[in-house]
Amino acid sequence: MMGRPVLVLSQNMKRESGRKVQTGNINAAKTIADVIRTCLGPRAMMKVCIVFLATILLYVNNLTSIFYVQHPAAKSMIEISRTQDEEVGDGTTSVVILGGEMLSVAEQFLEQQIHPTVIIGAYRQALDDMLGILKDISVPVDVNSREMMIKIINSTINTKALSRWSSLACNIALDAVRTVELDENGRKEIDIKKYAKVEKTEIEITRGEDFARILQMEEEYIQQMCEDIIRLKPDLIFTEKGISDLAQHYLMKANISAIRRVKKSDNNRIARACGARIASRTDELREEYVGTGAGLFEVKKIGDEYFTFITECKDPKACTILLRGASKEILAEVERNLQDAMQVCRNVLLDPHLLPGGGAVEMAVSHRLTERSRAFTGVEQWPYRAVAQALEVIPRTLIQNCGASTIRVITSLRAKHTQEGTTTWGVNGETGNLTDMEELGIWEPLAVKAQTYKTAVETAILLLRIDDIVSGHKKKKDEQAGPDMGGQGAE
């Protein structure tokens, strides 16, 4: 009775365990990394997925959904890479490629019967050392230098679809982040959450005269609400709800403009930009609730749509970016690129340290990890050194994507980083030649690179710890019902 528990699985369930599971996880991760690999760098390729005879243009963030339900390891990699995108806004491609390479180099150790715990321990030690090395080779940046900030943001946009309008996009991203930046007690805040009060009432009508009385009560209530607003003498009001014709009549007589059905998020930005406060009821309105920071209100027609503009604000802490495009797909891609640019700008403002791009930092970290691995005496030195080898996948991929000689260039870059003062040397993603990233102006925020390494290594560790998978599928309705439609025994 005190023996080992017995697991009874349904006929629809399938269980795999041991080395087969670990090999399957590694193969799934390698498959994703191989597909995503060509999406890195300025010479990145695009992907086309044909689903149900419909051709859809997919970029790296969308492409990963193809493998979403195919394998548990693939699902884990995508979920973690999406976390990377949410936290720092960039580096998703590098996370997938690095994560796949970390698992790929671990496969040989599993075949040599090295326990996954030993590999994981070496990976964690390597991650700690990598983060320390990143801080050592990072350089501080003057966030007040607009020219430098534009160069940093341009490094992000230059490899995306928005690169054609990089100058405009960089300035928009920087101005937007600077506008919403709020310094309180030494901490920089960007977002403010607002709460809305919701009230619901129900009414029952049994007689005709009751309906007339209700209409009268409604008119009196609307008049009272308008009087509460008019008492403060505003020029413009915004509401998340609708405005009846009667209310518009009273407000128009008082020379007050009104904008209705404003989104809650837009309402919060408007209040922040104008210095106003949002009230749930008109009887709660006070003089100090009126925002006096707005300078100009106007309605413009752009294309076939009308847009409301509030400009010339005294100290706006919110803004709106208006995008126009030929199609929804183009607008969606431009929006993603612009979001990445703003996230990078935000990360630099919060942590003003930079690292050289073009695979230079990966090669520098790889060289230092290789040097430190010689101090290890146990079997952990081999997985530790494998992490250093895995980091070279980034410059190697950049070389491959621009059609240069991979062996010749990667060997030259490896030799270059053995010299003193060559930390900033990397691969020119356009030509495939070795270039000083400082002269080329290619930089990456320290926060983005550190999060990329953390996510990639933690992804590999997570999948290496899995040694048992139980999977199943639902029966179709006709199989559940059976030929006699009895449905018994379907479970």
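Predicted model: local features only at pLDDT ≥ 70, side-chain atom pairs only at ≥ 80, totals over all residues.

Biologist: Why is tyrosine 306 called exposed?

Modeller: Exposed means over 50% relative accessible area. Tyrosine 306 has 60%, so it counts as exposed. You'll find tyrosine 306 in strand S10, residues 305-311. Together with Phe297 and Val299, Tyr306 forms a nonpolar patch on the surface, with about 310 Å² of accessible area.

Biologist: How do you know that strands S9 and S10 pair?

Modeller: Pairing takes at least two bridges between the strands. S9, residues 296-302, and S10 have seven bridges and run antiparallel, so by that cut-off they pair. One example is leucine 296, whose bridge partner in S10 is threonine 311.

Biologist: And what sits between S9 and S10?

Modeller: Two residues, in a hairpin; glycine 303 in the turn has a positive phi of about 70 degrees.

Biologist: What makes glutamate 107 and lysine 30 a salt bridge?

Modeller: The cut-off is a side-chain nitrogen within 4 Å of a carboxyl oxygen. Here the closest N and O atoms are 3.4 Å apart, so the pair qualifies.

Biologist: Is glutamate 107 buried or exposed?

Modeller: Buried means under 20%, and glutamate 107 has 17% relative accessibility, so it counts as buried. Lysine 30 has a relative accessible area of 25%, so it is partly exposed.

Biologist: Which residue does glutamate 101 form a salt bridge with?

Modeller: Arginine 396, with the closest N and O atoms 3.5 Å apart. This pair links distant parts of the chain, 295 residues apart: glutamate 101 is in helix H4 and arginine 396 in helix H14, residues 393-401. Glutamate 101 has a relative accessible area of 13%, so it is buried, while arginine 396, with 22%, is partly exposed.

Biologist: What about arginine 124 and glutamate 458?

Modeller: Their side chains meet in a salt bridge too, at 3.4 Å from N to O. Arginine 124 lies in helix H5 (residues 116-137) and glutamate 458 in helix H17 (residues 446-464), so the pair ties together parts 334 residues apart in sequence.

Biologist: How many salt bridges does the count come to?

Modeller: Twelve salt bridges.

Technical notes. Residues numbered from 1 in each chain as written. Heavy atoms only, no water. Patch = residues over 30% accessible without salt bridge, like charges linked within 9 Å, V, L, I, M, F, W, Y side chains within 5 Å. Areas by Shrake-Rupley, 256 points an atom, 1.4 Å probe, with all protein chains shown as cover. Helix = DSSP H or I, 4+ residues; strand = E, 2+ residues; numbered from the N terminus. Buried < 20%, exposed > 50% of the residue type's maximum accessible area, 1.4 Å probe, protein only.
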